[in-house]
Amino acid sequence: TEPDQSGKPNFNGTWTLDLKASDSAEPLLKQIGASLLEQKLAAWITLIATIHQTEQVLTIATRGLGFALDKTLYLDGRTDPSNQQLFGATAQKTRTAWSEDKKQLVETHQIKTKQGKEGELIIKRYLINDGKSMVLALTVKLNTEPQTTSAREIWHKQP
């Protein structure tokens, strides 16, 4: 039997990134070592993400002009070895789990930048606007740097 999904957000569907409503990701991308071109492209490429969610897994296919990223997140809190390229850094391990109140899905990536710096990229995903919009709150903290860099993306569900 399927466990009870009630109370957890349903991210199923196709979502479009709202560049105007979102923060600029440039400072975050710069911190994790994305190239200048990648930083500039992020400011104007319209991305579309297709998400399929089950009790155990969330699959995300994100597409844009010259950009493709496919992710599979396991929702049971286990840590997965990874070698995924994320905006100029490599995710070495990824752990995905629901927040205590079950309202947010929290991805924690142990990352290594192209410059060899290590740290964490945390992505919190939650719904607003009666489920019509999704927020991605991104935070980067590198072990060798005192500051934490954050950005917020707003995605709208396609009808």
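How many Å apart are the mean positions of the positive and negative charges of the protein? The legends below take up this question and others. The model is predicted.

**View 1. The charges of the protein.** The protein carries 20 positive and 18 negative charges. Their mean positions are 4 Å apart.

**View 2. The fold, element by element.** Two helices and ten strands make up the list of elements. Along the sequence, they follow the pattern β-α-α-β-β-β-β-β-β-β-β-β. The radius of gyration is 15 Å, close to the 15 Å that the globule rule gives for 159 residues, so the protein is as compact as a globular protein of that length. The C-alpha trace spans about 45 × 30 × 25 Å along its principal axes.

**View 3. Inside and surface.** Of the 159 residues in the protein, 40% are buried. The protein exposes about 8,700 Å². Carbon and sulfur atoms supply 53% of that area.

**View 4. Contacts across the sequence.** Take the contacts between residues at least 6 apart in sequence. Of these, 42% join residues at least 24 apart.

View 5. Thr144 sits in the loop between strand E9 (133-142) and strand E10 (148-157). Is Thr144 buried or exposed? Its relative accessible area is 59%. Exposed means over 50%, so Thr144 counts as exposed.

**View 6. Thr144 and Val57.** Thr144 and Val57 lie 87 residues apart in sequence. In space, Thr144 and Val57 are 33 Å apart, C-alpha to C-alpha.

How values were computed. Residues numbered from 1 in each chain as written. Predicted model: local features only at pLDDT ≥ 70, side-chain atom pairs only at ≥ 80, totals over all residues. Heavy atoms only, no water. Helix = DSSP H or I, 4+ residues; strand = E, 2+ residues; numbered from the N terminus. Rg over C-alpha atoms; globule rule 2.2 N^0.38 Å. Buried < 20%, exposed > 50% of the residue type's maximum accessible area, 1.4 Å probe, protein only. Contact = heavy atoms within 4.5 Å. Areas by Shrake-Rupley, 256 points an atom, 1.4 Å probe, with all protein chains shown as cover. Lys, Arg positive; Asp, Glu negative; His and termini not counted. Charge placed at Lys NZ, Arg CZ, Asp CG, Glu CD.
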